[in-house]
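Morning, everyone. Have a look at it first.

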Amino acid sequence: MITFTLCLVVLVLGYIFYGKYLSRLIGTDENRQTPAMSMADGVDYVPMSGWRAFMIQFLNIAGLGPIFGAIMGARFGTSSYLWIVFGSIFGGGVHDFLSGMMSIRHDGESLTNIVGRHLGEFVQTAFTVFSLILMILVGVVFVSQPADLLAKLTPDWLSANVWVGVIFVYYLIATMFPVDKIIGRIYPIFGALLLFMALGIMVSLFIHQPDLPEMWNGFGTKYEKSPIFPMMFISIACGAVSGFHATQSPLMSRCLTNEKYGRSVFYGAMLTEGVVALVWAAAATSFYGENGTDHTAAEIVMELSHTWLGKVGGIMAVLGVVAAPITSGDTALRSARLMVADAIHLEQKSIRRRLVISIPLFVITLAILLFSLSDKDGFAIIWRYFSWSNQTLSVFTLWTITVYLAKTGRNYMISMIPALFMSMVTSTYILVAPEGLELPYTLSLCLGAVFTLNLLYFFIRWRHHSKGKKYVE
């Protein structure tokens, strides 16, 4: 429990001190008018209070990731704790906060436009396609598992397929309606459920005092034979570094009424997610110690929730697990709509124009979902590609932030180091993974290092040629 407790303390200290440093670095200005105030349209640009924006941002980015991903990543032992802590503070927090603030500084524009502004049109086009694929995959993976859990909690006639249909209808409604009508009203409630669940499990850990692994006893475990690098860093995305988060930040950058809320909404939501991931990783390691690893993440969630939180608390916890992914799925598709709208310059105030973009997105999402349901390994395949795509998206974002900081004369090392690390992780993974090229491990590491060093070379060359050029935010 000592390592777990220290990790919790470090996350809190990270928010206090590193979060303040990032705010000073970006130059948070309480007097600068935000897009929510200057461009209010009653649909996507809607002023919201800081606490409501935080709860929505937290639920947007949480989903299944910090729970299921942390449970699967916990097989790697205390190394998963350290990745969650340092990944959240120095990787995911930087990624989420600065992408959100960059969006605020540019009228709440989507991440695709931000990438194009700093990395060029070619990269923007590739990134737009890549982002849309990820948003659709999020919509897929965040349907089937909640549907399965709901089917287990309801009468037999409410099968998983029925719940899939219900969730899709909700997706369409939430994607189409103004952000304050559904998302702004119910997300804070679901966010509170998710936090209640994590708090309940955390308190239970201190009460039950399970035999958790300590970092001085080693970083690996007998439960996972795969190499920690890069496998663990792909398994635990949300809760450490997640490219999906930066696609969600513009949703709230269009709703913040003051830049001073940026730290709590973007950086704070990320570190809160880190706490949730850390709690579930610790709970999972205690479960593995008693039961081995022959259980799915959903089964572990249900078992621990009912055992440690009692019947009522267990039901609330499971509902929180159900709500989190569903609400991430709908905002993913909403983000996809906004990305397409920004790319083709189609205003979204009228319902007809929202439908023009939304319907094709939903048809594609449903087609992929039907494939995942028709094949016994379909969900596992989709989830693995989602995880890799998610982390690859973070590489684009971190390099964009690095270029932006360099252009504006700020400390770009804070994003370049995690950009290099995640470049190495994602390139090595797709080379060595079963769903990738399945190359030998050592060769994959070498090729991943070559790819990463090439990115560093191009950045250094760009820095050399761009010296003396002035950039105005």
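α11 gives the most to the lining of the second largest cavity: three residues. This is a predicted model, by the way. Which residues line that cavity? S110, T247, P250, L251, S335 and L338. Two elements give two or more residues each to this lining, α11 (243-253) and α13 (297-344). The space inside is about 30 Å³. And how many cavities of 30 Å³ or more does the structure hold? Two.

Now to the open side, and the second largest pocket. Its volume is about 610 Å³. Its lining runs to 23 residues. Which of them lie nearest the centre? L119, V123, W399, L455 and F458.

Next, the helices behind that lining. Five entries here, each supplying at least two residues: α6 (111-119), α7 (121-153), α15 (378-407), α16 (413-432) and α17 (441-466). Which one has the largest share? That's α17, with seven residues.

For the second largest cavity, look at α11, which gives the most to the lining. For the second largest pocket, look at α17, which supplies the largest share. Over to you for questions.

Conventions. Residues are numbered from 1 along each chain as its sequence is written. This is a predicted model: local features need pLDDT of at least 70, side-chain atom pairs count only at pLDDT 80 or more; totals for chains, interfaces and linings use all residues. Side-chain values use heavy atoms; hydrogens and water are left out. On a 1 Å grid over the protein atoms alone, a cavity is a set of points where a 1.4 Å probe fits but cannot get out, and a pocket is an open set with protein on both sides within 12 Å along at least five of seven lines; lining residues have an atom within 4 Å of a point. Grid points are joined across faces, edges and corners, and a volume is the space filled by probe spheres set on the points. Helices (H or I, at least four residues) and strands (E, at least two) are DSSP runs, numbered from the N terminus.
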